[in-house]
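Trainee: I have not looked at this structure before. Please take me through its pockets, its cavity and its salt bridges.

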Amino acid sequence: MGGIDGLDLGRYGIYTFDFEYQPATQLRDSVQELEELGWRALWIPELLGRDAFTHAGLLLAGSRRLHVVNGIARIWSREARWTHGAARLLADAYPDRHVLGLGFGGDQRPGTKPLAAMRAYLDELDTLDTESPNPAPKSPVRRLLAAYGPKMLELARDRAHGAHTYHVSVTHTAQARDILGPDAFLGVEHPVLFETDPGRARAAAREHLRPYLATPYNLAKFRRLGYTDDDLAAGGSDRLVDDLVFWGDAETIAGKLRAHTEAGADHVAVQVIGVTPGTSALPYWRLLREALEDR
């Protein structure tokens with residue numbers, strides 16, 4: 001469990017937006033402590049202005065063993081040749097430590113569907129494997145696809161090392177494993193909140209989920225999982241909120257996260273929410289490391 005094509009990411013890793021708000025010196029200090037705590041994988045999104053590969057390169061340079069996973073690098077933010085060259089350089093500079101996660105974020109091309117866009121992007125990446133003037137690294141580029149629906153999961157199975165899912169239930173993890181089969185990697189992101197009061201926890205979780213309950217792709221994903229219009233209305237039902245954000249103390253959260261691995265996930269990337277932008281989630285990452293059995 002936790003591996004992708006020879007890389008041992010551990011059973012659990014960290015997913016964070018927090019680094020988008022922090023200076024480089026704080027990032028270096030954070031990744032060094034994460035290594036000391038025993039975390040093996042750090043997942044970073046691309047949303048608030050920091051380029052996916054510059055960000056990954058800084059984190060890799062500031063650590064010695066940590067795996068850095070783009071979750072995701074957005075295909076509509078750069079042409080395939082720039083992604084190809086950047087991923088090759090990171091694989092060469094930091095052998096067996098970088099994973100290229102691709103997704104269809106960015107400014108969508110008019111009339112282009114995500115699945116068709118991803119297929120075309122992968123076709124170009126594969127062509128560049130033989131045509132690029134950039135030297136091929138001794139350590140190969142590993143790539144994952146952000147995937148929710150059956151067709152994108154099939155594409156991840158057939159054209160990548162596996163899939164990365166985001167804001168899904170344990171039920172989705174089991175369904176994704178069935179589609180991916182036994183061999184493809186399945187990494188699952190899941191948000192957690194260190195709050196034991198149900199009212200406060202659900203209020204914070206609803207605030208976190210608010211933008212995801214207003215986007216067509218996420219709504220379609222939730223409906224495929226059996227959530228009704230009533231579940232999706234008024235900030236989300238208690239059932240939806242509790243399925244998508246695990247809250248409680250460290251031991252309670254850890255027990256809920258294990259359900260994803262029991263359902264077929266190779267790796268769970270844990271996103272701690274409820275942290276003020278600019279501050280650090282390190283106190284919670286320490287608690288999680290103690291609570292999760294990943295030795």
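Predicted model: local features only at pLDDT ≥ 70, side-chain atom pairs only at ≥ 80, totals over all residues.

Trainee: How much space lies in the largest pocket?

Mentor: On a 1 Å grid over the protein atoms alone, a pocket is an open set of points with protein on both sides within 12 Å along at least five of seven lines, and a cavity is a set where a 1.4 Å probe fits but cannot get out; lining residues have an atom within 4 Å of a point. Grid points are joined across faces, edges and corners, and a volume is the space filled by probe spheres set on the points. For the largest pocket this space is about 1200 Å³.

Trainee: Which element gives the most to the lining of the largest pocket?

Mentor: The lining has 38 residues, with Tyr15, Phe17, Leu47, Tyr166 and Tyr212 nearest the centre. Helices (H or I, at least four residues) and strands (E, at least two) are DSSP runs, numbered from the N terminus. Elements that each supply at least two lining residues include helix 7 (198-209) and strand 12 (267-272). The one that gives the most, with four residues, is strand 7.

Trainee: How many residues in the lining of the largest pocket are charged?

Mentor: Ala, Val, Leu, Ile, Met, Phe, Trp, Tyr, Cys and Pro count as nonpolar, Asp, Glu, Lys and Arg as charged, and the others, Gly among them, as polar. The lining divides into 21 nonpolar and 12 polar residues, and the charged ones number five.

Trainee: Which element gives the largest share of the lining of the second largest pocket?

Mentor: The second largest pocket holds about 320 Å³ of space. Its lining has 15 residues, and nearest the centre are Phe104, Pro114, Gly149, Met152 and Tyr217. Helix 4 (114-131), helix 5 (150-159) and helix 8 each give two or more residues to this lining. The largest share, four residues, comes from helix 8.

Trainee: What volume does the largest cavity have?

Mentor: A search of the whole structure finds one cavity of 30 Å³ or more. Among the residues that line the largest cavity are Ala87, Tyr94, Asp96 and Arg142. Its volume is about 40 Å³.

Trainee: Are Arg78 and Glu46 buried or exposed?

Mentor: Their side chains meet in a salt bridge (a side-chain nitrogen of Lys or Arg within 4 Å of a carboxyl oxygen of Asp or Glu), at 2.4 Å from N to O. The pair links distant parts of the chain, 32 residues apart. Buried means under 20% relative accessible area, exposed over 50% and partly exposed in between (1.4 Å probe, protein chains only). Both Arg78 and Glu46 are buried.

Trainee: Why does Asp229 count as exposed?

Mentor: Asp229 forms a salt bridge with Arg223, with the closest N and O atoms 3.1 Å apart. Arg223 is partly exposed because its relative accessible area is 42%. Asp229 counts as exposed because its relative accessibility is 52%.

Notes
Residues numbered from 1 in each chain as written. Heavy atoms only, no water.
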